[in-house]
Amino acid sequence: RVQGIWPARPRKFGIRKMNELIERIFLPPRSSSHAANVDNLFMFCTYLSIIFFVIVAGAAIYFAWKYKRKSENDKTPHIEHNLTLEIVWSVVPLILVMIVFFWGLTDYLVARVAPNDSFEVQVTAKKWLWEFQYPDGTKSINRMYVPLGRPIRVVMTSDDVLHSFFLKDFRVKQDIVPGRYTDLWFQATNAGVYDLQCTEYCGKDHSKMLAKVNVMGPAEYAKFLAEGPEELKKAFAENPAKLGAEVYANAGCQSCHSVDGSKNQGPTWKGIWGQVHQFTDGTSAKVDENYIQNSIINPQGQIVKGYEPIMPTYQGALRDIEIKALIAYIKTLQ
């Protein structure tokens with residue numbers, strides 16, 4: 001017995017236990033109201049495949065044994081078609097395929113139409129990060145916060161190329177197309193932290209385009225909207241530079257700004273503190289707290305010579321405490 005996979009009491013192993021075993025092997029845990037519908041259809045198709053594999057493979061082995069050539073004088077007999085058999089093997093698969101089709105169609109329609117009272121989250125995908133915006137204007141980068149037990153409608157668009165929003169634990173997936181909006185909905189059934197990933201190849205850092213979805217109770221979620229997560233404040237109090245390094249990694253800063261002096265799409269952060277930057281409009285400024293904060297909130301205001309104006313604004317996406325942490329981190333990169 002393998003702990004956690006094989007049932008604890010094999011002698012009572014039945015259909016229900018076999019279902020649990022197959023689901024543990026092939027499927028991640030269910031964490032949304034829609035997940036059971038997807039899993040049930042998956043299990044139905046799995047059992048159909050097993051049954052027909054046994055029938056076809058068993059028949060092939062049996063016939064190979066029964067009708068094998070027994071001597072050099074054996075001749076293949078003239079075989080007439082069997083109308084009943086041909087009807088059965090045509091009609092039965094057709095019925096099963098139609099069952100799967102209408103079952104899947106029904107689940108698809110339910111999954112596509114969000115309830116009227118859904119909580120809406122706006123998602124912007126870009127190379128190579130996720131930006132989430134909530135109804136009150138609060139934003140977060142690479143970490144999505146949603147309330148437990150409430151329908152969540154996710155409205156998505158892309159700033160650049162094709163991306164895809166995939167939450168395996170919730171059994172939802174939707175492509176994100178530049179220049180248009182797509183959407184999906186889910187209702188989380190368990191509080192916790194879940195993996196979100198892009199499943200449409202979008203460039204060199206596609207594999208790093210990862211995020212987390214925090215499912216929180218109503219009271220905890222209301223507090224988050226008002227103050228931000230408690231762990232953020234605690235991390236800043238303990239080590240602001242370390243928090244800044246985490247913000248650098250999670251907010252997508254590493255896609256354009258290196259910390260080792262190497263050239264990238266944006267200026268390196270190594271040794272940047274105290275330098276004087278020359279801008280494309282002929283002006284200049286010293287890199288200090290005010291300059292960094294302004295560059296994060298209004299990046300198009302001052303474009304460093306030799307670089308393109310490609311950085312998006314992080315106004316509303318990063319809280320003041322996160323910007324202060326980034327400043328503390330940059331000061332250490334000497």
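Analyst: A salt bridge here is a side-chain nitrogen of Lys or Arg within 4 Å of a carboxyl oxygen of Asp or Glu. Please keep in mind that this is a predicted model. By that rule the count comes to 13 salt bridges.

Let's begin with Lys204 and Asp205, which form a salt bridge whose closest N and O atoms are 3.2 Å apart. The two partners sit in contrasting surroundings. Lys204 has a relative accessible area of 59%, so this residue is exposed, the cut-off being over 50%. Asp205 has 10% relative accessibility and therefore counts as buried, which means under 20%.

Now move to Lys126 and Glu131, whose side chains meet in a salt bridge at 3.9 Å, N to O. Here Lys126 is buried, with a relative accessible area of 8%, and Glu131 counts as buried too, at 10% relative accessibility.

A further pair is Arg153 and Asp183, with 3.6 Å between the closest N and O atoms of their salt bridge. This pair links distant parts of the chain: Arg153 is in strand β5 (residues 152-158) and Asp183 is in strand β8 (residues 182-186), 30 residues apart. Arg153 counts as partly exposed at 27% relative accessibility, whereas Asp183 is buried, with a relative accessible area of 18%. Both residues also belong to a network of salt bridges that links Arg112, Glu120, Arg153 and Asp183.

With the salt bridges in view, turn to the pockets. The largest pocket has a volume of about 800 Å³. Its lining comprises 36 residues, and Cys256, His257, Ile310, Met311 and Pro312 lie nearest the centre. Two elements give two or more residues to this lining, α7 (289-297) and α8 (320-332). Of the elements, α7 gives the most, with four residues. By class, the lining of the largest pocket has 23 nonpolar residues, eight polar ones and five charged ones.

The second largest pocket holds about 570 Å³ of space. There are 30 residues in its lining, and those nearest its centre are Ile141, Asn142, Arg143, Glu246 and Asn250. Several elements each supply at least two residues of this lining: the strands β3 (139-141), β4 (143-147), β9 (192-198) and β10 (210-216), together with the helices α5 (230-238) and α6 (240-250). The top contributor is α6, which gives the most to the lining, with five residues. In this second largest pocket the lining divides into 16 nonpolar, five polar and nine charged residues.

The buried residues of α2 are Ala35, Asp39, Leu41, Met43, Thr46, Tyr47 and Leu48.

Terms used:
Residues numbered from 1 in each chain as written. Predicted model: local features only at pLDDT ≥ 70, side-chain atom pairs only at ≥ 80, totals over all residues. Heavy atoms only, no water. 1 Å grid on protein atoms, 1.4 Å probe; cavity = no way out; pocket = protein on both sides within 12 Å on 5 of 7 lines; lining within 4 Å. Points joined across faces, edges and corners; volume = space filled by probe spheres on them. Nonpolar A, V, L, I, M, F, W, Y, C, P; charged D, E, K, R; others polar. Buried < 20%, exposed > 50% of the residue type's maximum accessible area, 1.4 Å probe, protein only.
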